[in-house]
Every structure is written in structure tokens, then in C-alpha cells.
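This report looks at a few selected residues in their structural setting. The sequence and the model come first.

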Amino acid sequence: MNKPIVIIGGVALVIGVVLIAVGAVGVLRGLIVITAFSEPHGGEYVSTELVLNTTSGVAITSAAPSGGLVPAQDLNLINSTNIAQYALAPHSSGVTLTYINLTGNYYYVAFAASQPSSKVVATPLHGGTMASSPTTLGGFAVLVIGVVVVALGVRRKGGS
């Protein structure tokens, strides 16, 4: 075993783990998750205001058949019969609605007989989350290098 090489590998392992943790915190800090909805009128469920200061992506899982993401300024104009006029067109639809390149203030509104099981998740496309990704990827790279260096140090003879 070559102790100096093993120590260098161990240091690289620790640095890799720290970089991964820092990147993961940055990613999680950038996420906005909404799971509870108020009921201002019978059968109308409204999320808290979604404030997107940077270009963001939004996904809505278990989307209600009669619902959608609406600009904040249109919230008081919608009802169950005209929501399609005001709701943004999703990038992809189905059980999960996705929206990309959004900036501004929005609400998710659903018209249903009971509290929807929908979940609204928003994440910045530029800035916090994407800026943290290189940190996380770099951490994984340093971690792998650390494992390789430790393995080499353990296999190698010499050193003190």
C-alpha cells in the first residue's frame, strides 16, 4: 500500500462528496412544489401564486381534466366554462402537463368535486438549478477519481 496515494485519493473522495452535496442543495433550493389548494368558490381549487422570476419549467402531475395554469392577472376572470380560454397551452399534455420557458406569476386552477391530487413543480431552467448541475457533475467526477486513486494506492507498493 502506498499511503500518500491513498491519502490523496481519500481527500479527493471527501471533496467529491462535498461538491455533490453543494450541488444537490442548489438544485433543491431552486424547486418550487405546491400540493395544497384553496377553495375560493365551491368546486374551484386554486394553488398559491407561482412566482417565476427566472425562465422556468413547470410540471403538473395528476392534472384535473378541467383545469390549467393561468396568468395571475386572469385569475378573477375564469370559471369552469371558460378556463380553456385563459389557461396556457402546455408543452406536453396527458396526466402530466408540462410548460417550458415561463416567466411571471401564475396559478394552477382546477375545477373538481373534491380537492385535487395534483402536484405543481417548478424549477428554474437557467440560474439556480442549472448552475448547480456542473457542481454536482464535477463532484461525481472527483469522487470517481478519488476511488480510482485510492484503489491504485492500495495496490501499489512503497511509500510510508
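Where does Ala64 lie? The model is predicted, and in it Ala64 sits in the loop that runs between strand 4 (50-61) and strand 5 (67-71). Ala64 has a relative accessible area of 11%, so it counts as buried, the cut-off being under 20%. Leaving out residues up to four places away in sequence, Ala64 touches Tyr108, Ala110 and Ser118. Of the pair Ala64 and Ala110, the C-alpha atoms are 5.8 Å apart in space, while the two residues are 46 apart in sequence.

Ala110 is also among the contacts of Glu44, a residue of strand 3 (residues 44-46). Beyond its neighbours within four places in sequence, Glu44 is in contact with Ser38, Glu39, Val109, Ala110 and Phe111. Glu44 is buried and has no salt bridge. The nearest side chain of opposite charge belongs to Lys119, 23 Å away.

Ile7 belongs to helix 1 (residues 3-30). Its relative accessible area is 55%, so Ile7 is classed as exposed, for which the value must be over 50%. Ile7 forms a nonpolar surface patch with Val11 and Ile15, and the accessible area of these residues together is about 270 Å².

| Residue | Relative accessible area | Class |
|---|---|---|
| Ala64 | 11% | buried |
| Ile7 | 55% | exposed |

Technical notes:
Residues numbered from 1 in each chain as written. Predicted model: local features only at pLDDT ≥ 70, side-chain atom pairs only at ≥ 80, totals over all residues. Heavy atoms only, no water. Helix = DSSP H or I, 4+ residues; strand = E, 2+ residues; numbered from the N terminus. Buried < 20%, exposed > 50% of the residue type's maximum accessible area, 1.4 Å probe, protein only. Contact = heavy atoms within 4.5 Å. Lys, Arg positive; Asp, Glu negative; His and termini not counted. Salt bridge = Lys/Arg side-chain N within 4 Å of Asp/Glu carboxyl O. Patch = residues over 30% accessible without salt bridge, like charges linked within 9 Å, V, L, I, M, F, W, Y side chains within 5 Å. Areas by Shrake-Rupley, 256 points an atom, 1.4 Å probe, with all protein chains shown as cover.
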